[in-house]
Amino acid sequence: MTATTTTVHHPFFARVWPTIAAHETDTLRALRRENLAGLSGRVLEVGAGTGTNFALYPEAVEHVVAIEPEPRLAARARQAGADASVRVDVRCETVEHFTAEEPFDAVVCSLVLCSVEDPDMVLRQLHSWLRPGGQLRYLEHVASGGVRGRFQRLADATFHPRLMGNCHSHRHTEQSIAEAGFDVDHIRTERPLPVWVPLPVAEFALGRAHRPA
């Protein structure tokens with residue numbers, strides 16, 4: 001399988017995302033930390049970006065396998081992984097082409113299910129890679145209603161995916177998680193971005209689900 005089929009190339013996004021990630025709001029940073037709290041064992045992180053989560057993993061995590069398909073971002077993630085207090089291995093490939101050698105205790109998705117081509121299929125894959133009872137932890141922006149929702153649909157059909165690494169702001173991620181076979185244990189919606197920010201992204205879902213035993 002060639003590299004062009006297992007990686008993605010978003011030059012503009014790869015230039016701007018490190019700056020965006022470095023200037024996250026305190027609220028969003030706290031949500032990341034909460035999303036990872038209490039994890040242990042072997043963890044699969046999907047869409048690691050620049051490795052923003054790595055410093056936030058609890059000490060009980062033995063090994064993080066992190067997937068990041070954009071080579072420029074994967075290089076930054078490897079640098080962040082080298083400084084992390086837990087063991088981190090970064091794989092530069094798409095989640096669609098990743099092969100799990102053994103089950104994981106948890107899967108972490110942070111701002112990534114918006115950008116995969118087929119989130120329903122990806123979530124079914126993630127479900128199959130978890131041990132029975134294993135957790136899915138997710139922090140994802142989700143579809144809004146009303147005027148904001150209409151703006152999201154317009155943005156998704158025009159400029160937003162092209163500029164922001166295939167990000168789609170109007171996805172019903174919570175529904176996709178349940179339909180993939182997960183039992184949802186907890187979910188809440190937050191608005192961690194300032195209301196004046198003129199972005200399609202608004203509501204974020206912070207949730208926990210598990211693969212039934």
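Predicted model: local features only at pLDDT ≥ 70, side-chain atom pairs only at ≥ 80, totals over all residues.
One of its members, Phe-151, sits in helix α6, which spans residues 146-157. The relative accessibility of Phe-151 is 31%. Phe-151 therefore counts as partly exposed, since that class lies between the limits of 20% and 50%.

Glu-179 belongs to helix α8, made of residues 173-179. Its relative accessible area is 57%. Glu-179 is classed as exposed because this value is over 50%.

The largest nonpolar core holds 25 residues. Within this core, Leu-44, Cys-109, Leu-126 and Leu-136 have the most contacts. At least two residues come from each of β1 (41-46), β2 (61-67), β4 (104-110) and β5 (130-141). Helix α5 gives the largest share, with four residues.

Charged pairs were then considered. Side chains of opposite charge can pair when their charged atoms come close. Seven salt bridges were found in a search of the whole structure. One of them joins Glu-24 to Arg-32. The closest N and O atoms of this pair are 2.8 Å apart. The relative accessibility of Glu-24 is 16%, and that of Arg-32 is 5%. Both values are under 20%, so Glu-24 and Arg-32 count as buried.

Another salt bridge links Arg-131 with Asp-105. Here the closest N and O atoms are 2.8 Å apart. This pair connects distant parts of the chain. Arg-131 lies in strand β5 and Asp-105 in strand β4, and the two residues are 26 residues apart. Arg-131 has a relative accessibility of 35% and is partly exposed. Asp-105, at 23%, is also partly exposed.

A further salt bridge pairs Arg-188 with Glu-190. The distance between the closest N and O atoms is 2.5 Å. Arg-188 is partly exposed, with a relative accessible area of 26%. Glu-190 is partly exposed too, at 23% relative accessibility. This pair is part of a network. Salt bridges with shared partners join Glu-34, Arg-188 and Glu-190.

Backbone angles were also inspected. Leu-111 has a phi near 55°, a positive value, and is a residue other than glycine. Leu-111 is located in the loop between β4 and α5. With a relative accessibility of 18%, Leu-111 falls under the 20% limit and therefore counts as buried. Asn-166 has a positive phi as well, of about 70°, although Asn-166 is not a glycine. Asn-166 is found in the loop between α7 (160-163) and α8. Its relative accessible area is 15%, so Asn-166 is buried.

Terms used
Residues numbered from 1 in each chain as written. Heavy atoms only, no water. Buried < 20%, exposed > 50% of the residue type's maximum accessible area, 1.4 Å probe, protein only. Core = buried A, V, L, I, M, F, W, Y, C linked by side-chain atoms within 4.5 Å. Salt bridge = Lys/Arg side-chain N within 4 Å of Asp/Glu carboxyl O.
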